[in-house]
Every structure is written in structure tokens, then in C-alpha cells.
Amino acid sequence: LRIGPSAGEPGSASATKARPDEIDRELLEPMMDLGLFRLFIGIEAGTAEALSQLGRTQRLEDNERALALLNELSVHTCFNLLLWNPDSTLEDVVLNVEWLREHPHNPMNFSRTEVYAGTPLLGQLQESGRLLGDYWGYDYQVADPRAEQALAIAYAAFRERNFGRTSLHHLSMRVDYEYHLLAHFFGEHEALRGEVKSFVRAVNFDTCEHLESIVRACADGIADRGAFTARVVEAVHR
């Protein structure tokens with residue numbers, strides 16, 4: 001993405017995507033000189049086990065280091081966290097939510113791992129007999145029924161908040177994006193930056209609270225899933 005003149009020319013701005021294990025100061029600073037102000041980072045998961053299950057070669061330490069550096073350099077940074085994969089346990093989900101709570105400073109979103117044609121995950125699910133659906137919409141059940149239940153409740157509660165046309169998480173990303181774009185061209189404004197980051201953190205902490213309530217209930221056992229889901233939906237959209 002280029003905004004204004006070609007990347008590298010005065011007045012230009014650019015965005016990119018990167019893996020956490022590829023990011024270092026020696027790479028970022030020259031890119032910022034060429035106009036970089038926005039980066040989508042492939043965090044993917046907040047635990048070493050989940051990264052391994054996803055087939056990611058990065059370490060959890062790479063995620064931590066890359067986020068810290070990007071925030072130090074004031075690059076607009078956002079990411080998606082895959083809270084569920086086919087082999088997730090409820091304990092895995094809990095640990096990933098804890099990681100989110102410990103890293104509230106960047107716009108983010110969350111989802112489950114999706115299955116795409118030609119990916120190792122599709123082959124693994126086929127081989128184990130766990131692949132559902134077809135080319136038009138592959139699907140699977142999470143191995144741990146408690147984690148599967150948490151996913152179903154979270155999807156119902158967060159669908160519009162995460163992916164709707166007026167999505168709160170998209171708004172959080174937009175607010176942070178627009179601040180960094182203005183700062184790129186006109187310089188940092190500390191008071192405005194503080195308000196923006198406060199809003200981003202508030203959104204992320206609120207999301208963590210609702211996710212934590214879901215996983216606690218799934219751990220304890222839910223007598224009436226329909227009624228509980230309705231209460232969570234109401235709370236999330238309050």
C-alpha cells in the first residue's frame with residue numbers, strides 16, 4: 001500500500017506484512033525512512049504449544065520482541081490471534097486469552113484457525129477423518145468439547161463485534177491507524193496518542209473480560225447453553 005507519492009519519496013507512506021521472526025531494528029528503521037508506518041504482524045498465537053500446533057516456526061519470544069520493537073518505534077501494528085485450532089484444549093484458550101490481556105496496546109482481532117485448500121492442516125484433518133464440509137466451506141470440531149463449546153458461544157457473541165459492518169475491533173484498528181497516519185505526516189501528538197492507546201487498551205481489556213467469562217463457564221459446566229449465550233451476547237453488545 002502506498003499513500004501519496006511513490007514509496008521512498010518525500011511525503012509517502014506505506015504498509016506491509018511480516019512474520020515476527022523476520023523483524024529487527026536493522027530492517028525496520030530503513031523501511032520507516034522509506035515511508036513505512038503500518039505493519040500487519042503474524043502473531044497467530046500466544047503460547048508455544050499453539051504456535052507448534054499451527055505449524056509456525058517462530059518462537060513465542062519472537063512475538064514478544066517484535067511487538068515491543070514496533071511499539072517502541074511507533075509503527076501502527078495490528079494482529080489476529082487464532083484462539084482455537086483443531087487440537088486446542090480449553091486450557092490452551094485460557095492461556096491465549098491471558099497473553100492477550102498481557103499485550104493490550106495494539107489493535108487486534110481473534111478467530112479460530114480456518115482450513116484452506118492445499119494447506120497441511122487440510123491434509124492432517126483428512127488423514128485423521130476429522131475434516132467436515134467441502135471445498136466451499138471446510139469445517140472441523142475442536143477436539144476438546146469444552147473448547148468447542150467456548151468457540152460456539154464466542155462466535156455467537158462476537159460475530160458482529162469482530163466482523164460486522166460496524167465492528168468495534170475494526171473501529172479500534174481504524175482509530176489507531178488514523179492516528180499513526182497523521183503522526184507520520186505531521187509528527188507525534190502525545191496527548192492524542194495517549195487517548196488513542198487508552199481506547200485501544202479499553203477495547204482489548206473488555207474483550208478479554210468477556211472471553212474469560214466464557215471459558216470459566218465452560219470449565220465449570222453450563223446447564224443452559226442457550227440462556228448463557230444470550231446473556232453473553234447482551235453483555236458483549238451492552
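Colleague: Hi! What should I know before looking?

Modeller: It is a predicted model, where local features need pLDDT of at least 70 and side-chain atom pairs count only at pLDDT 80 or more, while totals for chains, interfaces and linings use all residues. Residues are numbered from 1 along each chain as its sequence is written, and side-chain values use heavy atoms, with hydrogens and water left out.

Colleague: Thanks! How many helices and strands are in the secondary structure?

Modeller: There are nine helices and seven strands; these are DSSP runs numbered from the N terminus, helices being H or I with at least four residues and strands E with at least two.

Colleague: And what does the C-alpha trace span?

Modeller: About 60 × 40 × 35 Å along its principal axes.

Colleague: New topic: is Arg161 buried or exposed?

Modeller: Arg161 is buried, at a relative accessible area of 6%. Buried means under 20%, exposed over 50% and partly exposed in between, with a 1.4 Å probe and protein chains only.

Colleague: Where is Arg161 found?

Modeller: In helix α6, residues 145-163. The Arg161 side chain also reaches the backbone oxygen of Val236 at 3.2 Å.

Colleague: Which residues is Arg161 in contact with?

Modeller: Leaving aside neighbours within four places in sequence, they include Ser167, His169, Asp206 and His237. Contact means heavy atoms within 4.5 Å.

Colleague: What about α7, which of its residues are buried?

Modeller: Among them are His169, Ser172, Met173 and Asp176. After α7 comes Gly187, with a positive phi near 95°.

Key: Polar contact = N/O pair within 3.5 Å; in protein donor to acceptor, adjacent residues only side chain to side chain.
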